[in-house]
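Start with the sequence and the model.

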Amino acid sequence: MNLMMLPRANSDFICSCCYAVIYVLVVWLISRVVLKVLSQSRGESMKTTVGVPPGNRSLPLIGETIQFIAAINSRDGVYDFVRVRRLRYGNCFKTNIFGQTHVFVSGPESAKMVLNNDSGKFTKRYINSIAQIIGDQSLLCASRHQHKLMRTRLNGLFSSASVSSFIRDFDEFTASTLRSWEQRGIVIVLDEALKITFKAICKMLISEENEDELERLQRDVSHVCEAMLALPFKLPWTRFYKGLQARKRIMDTLGKMINERRRGIKDHQEDFLKHLLTQEDKTCDDDHGTPLLTDDQIKDNILTMIIAGQDTTASAITWMVKYLHENQEVLNTVKAEQILLPKRNSPASYLTLEDLSDMPYASKVVKESLRIASIVTWLPRMALEDCQLEGYKIRKGWNVNVDARSIQFDPTLYNDPDKFLPARFDGESKPYSFLAFGAGPRTCLGLNMAKAMMLIFLHRLVTTYEWKVIDPDSSIEKWALFPRPKNGCPVHVTPIGNS
Ligand code: HEM
C-alpha cells in the first residue's frame with residue numbers, strides 16, 4: 001500500500017503506530033543486550049572460580065583491549081602485552097581482547113597438543129576483521145576440512161624445481177641490489193630486504209616485474225598489513241578502511257591477470273598462477289582427487305603468500321644483520337665459511353640449492369636469528385570443545401594462542417636464551433622447542449624459501465661488505481604485523497678490501 005494515497009489523518013495514525021513499534025523494538029533490543037552482557041559477566045565470573053587459567057578479564061566486553069592496543073602502539077611491540085602477563089600469571093593465562101576470551105600457553109607439551117591437533121579439538125582462528133582483510137578463502141583462515149584440500153593444492157607449488165628457480169632469481173636480485181649499495185654508503189636494511197623479497201615473491205607468484213606496478217602493489221600490501229591489527233571501523237580515515245580499499249585494488253589486479261591468462265595473454269609465464277590455472281583448466285579433479293581452487297581461492301591465497309612471505313622474511317633478514325653486527329665472533333666464523341665455499345663456475349654464476357645445503361654454520365646463524373627474532377610471536381587457534389591445557393580447563397570457543405616466543409626463550413630448553421649462539425643448534429632441538437615456522441598441519445608452507453632467502457642474503461652480504469649498524473636502537477615499529485626495528489636498521493657499508 002502506498003502511504004501517499006491515504007487521507008492525512010490516517011497516514012498520521014499509521015506513522016505514530018510505526019514510531020511506537022520502532023520505539024518498543026529499540027527498548028527491547030537495548031534491554032536484551034544489557035541482560036546478555038550482565039548474564040555473560042555473571043556466568044563468566046562464576047565459571048572463572050574453578051580450574052580456569054588465571055588472568056584479568058577486566059571490563060565486560062572491552063576486557064583488556066585498550067591495554068592490547070596500547071602495546072601495539074608502544075616501542076616494545078605487541079608481544080609486551082603477553083610478556084607482562086606471562087610473568088604475572090605463569091605458563092598459562094587468560095585475557096579478554098576484542099570481546100573474546102584468549103588463553104596463552106607456553107609449554108612444549110601444550111604446543112604439541114594444540115599445533116599437532118591429533119585430538120581434532122583445535123582449529124585455526126583469526127579474528128573476523130583479519131579474515132575480512134586477508135580474505136575468507138585464505139589458507140590462514142580456512143576451516144580444518146577446507147584447509148586440508150587447499151593446502152594439498154598449494155603444497156604442490158613448492159616443489160624443489162620451483163625452489164631452485166626461486167633461489168636463482170633471489171640471488172640475482174640480491175647481488176644486483178648489493179652492487180647498488182657501493183655508491184650509497186648508508187642503507188636501511190629493512191627497506192632493501194622488503195624490496196628484494198617482494199620482487200622475488202611477486203615474480204614467483206605472478207611474474208610481475210614492472211617496477212611501477214610492483215611499487216603500487218607493495219604500497220597496497222603494506223596498507224593491508226597495517227589493517228590486520230587495526231580496529232575494524234569502516235570509516236574513510238581509518239587504517240581498517242584503507243586496508244579494505246587496498247585489498248579491493250589487489251583483488252581487481254589479480255582478477256584482471258587471471259582473465260588475461262585465460263584469454264591467452266602472457267599465459268606462457270612460468271609461475272604459481274599459471275600452475276594454479278593450468279590445473280584449473282582440467283575439467284575434473286586431479287589424479288589425487290583434490291578439488292580445484294576457485295578464482296576467489298586463488299586470489300586470496302596469492303595475497304596470503306605475499307603477506308606471509310614478504311614481511312616475515314624481510315624482518316628476519318634485518319634482525320639477522322643486526323645480531324651479526326652485535327656478535328662479531330659469530331660474524332667472523334660465518335664469513336670464514338662463506339668465503340671458503342667451493343668456487344662456482346664463474347664469478348657471475350648464481351647460488352644453487354646444492355650451494356645452500358653446503359652452509360652448515362650459516363644455517364645455524366639463520367636458525368638462531370629466527371629463534372631470537374621470533375617473527376611470529378604466537379600461533380592462534382580456537383578450542384572446538386572443552387579440554388585441558390597445563391592443568392587448566394579450556395572452554396569451547398576460546399581462542400588458544402601458543403606463545404612461541406616464550407618457548408624459544410625458555411631457559412629450561414635453551415641455555416642463556418638471550419645470547420646469540422648459533423652453535424647451540426649443533427645437536428637436535430628438543431621437540432616443539434623451535435616454532436619459528438610453526439608445527440603440525442599448519443607448518444609454514446614457504447619455510448624452505450624463507451631459509452633460502454636468508455642464506456642467500458647472508459652469503460652475499462658477508463662476502464661483499466663489512467658493515468656497521470649506525471643506530472643500535474632496538475625499538476619495535478608501532479602497528480607492525482611482525483616485530484621489526486623501527487629504524488629499519490641503518491648500516492654503513494664498505495666493500496671488502498676497501499676498509
Ligand atoms: C622468515 C620467514 C617466515 C616465517 C618466520 C614464517 C612463519 C610462519 C609460521 C609460524 C606459520 C604458521 C602459523 C600458525 O601455525 O599459525 C606460517 C604459515 C604460513 N606461511 Fe610462513 N613464514 C615465513 C615465510 C614464508 C614464505 C616465504 C611463504 C611463502 C611464499 C610463507 C607462506 C606461509 C603460508 C601460506 C602459511 C600458512 C600455512 C597453513 O596455514 O597451512 N611463509 N609461516
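Helices (H or I, at least four residues) and strands (E, at least two) are DSSP runs, numbered from the N terminus. On that basis, the protein chain has 17 helices and 10 strands. The model is predicted. Of the 499 residues in the protein chain, 36% are buried. Among contacts with a separation of 6 or more, 72% join residues 24 or more positions apart.

**The ligand shell**

The ligand is surrounded by 23 residues. G309, G438, C444, G446 and A450 are the closest. By type, the shell holds 15 nonpolar, six polar and two charged residues. Helix α12 gives the largest share, seven residues. Helix α17 (447-464), like α12, supplies at least two.

**Helix α9**

Helix α9 runs over residues 211-228 and has 18 residues. At 1.5 Å a residue it should span 26 Å. Its end C-alpha atoms are 26 Å apart, which agrees with that expectation. The buried residues of α9 are L217, D220, V221, V224, C225 and A227. Seen down the helix axis, these fall within an arc of 160°, so they line one face of α9. The face turned away from this buried side carries exposed residues: E211, D212, E215 and R219.

What covers the buried residues of α9? The cover includes α5 (128-134), α8 (189-206), α10 (239-262) and α12 (295-326).

**Helix α4**

Helix α4 spans residues 108-116. Its buried residues are S110, A111, M113, V114 and L115. They pack against the strands β2 (100-105), β3 (122-124), β5, β6 (387-389) and β8 (399-403). Helix α16 (404-408) is also among their packing partners. Just after α4 comes N117, with a positive phi of about 55°.

**Positive phi angles**

Two further residues have a positive phi although neither is a glycine: S374 and C489. The table sets them side by side.

| Residue | Phi | Loop between | C-beta atoms within 10 Å |
|---|---|---|---|
| S374 | about 40° | α15 (360-373) and β5 (378-383) | 22 |
| C489 | about 65° | β9 (465-469) and β10 (490-495) | 28 |

Are these two residues buried or exposed? A residue is buried if 20 or more other C-beta atoms lie within 10 Å of its own. S374 has 22 such atoms, so S374 is buried. C489 has 28 C-beta neighbours, so C489 counts as buried too.

**Surroundings of C489**

Which residues does C489 touch, not counting those up to four places away in sequence? They are I188, V189, L190, T318, V321, K322 and V469. V469 is 20 residues from C489 in sequence. In space, their C-alpha atoms are 6.7 Å apart.

Technical notes:
Residues numbered from 1 in each chain as written. Predicted model: local features only at pLDDT ≥ 70, side-chain atom pairs only at ≥ 80, totals over all residues. Expected span 1.5 Å × (residues − 1). Buried ≥ 20, exposed ≤ 12 C-beta atoms within 10 Å, placed from the backbone. Arc of directions from axis to C-beta. Contact = placed C-beta atoms within 7 Å. Near = placed C-beta within 6 Å. Nonpolar A, V, L, I, M, F, W, Y, C, P; charged D, E, K, R; others polar.
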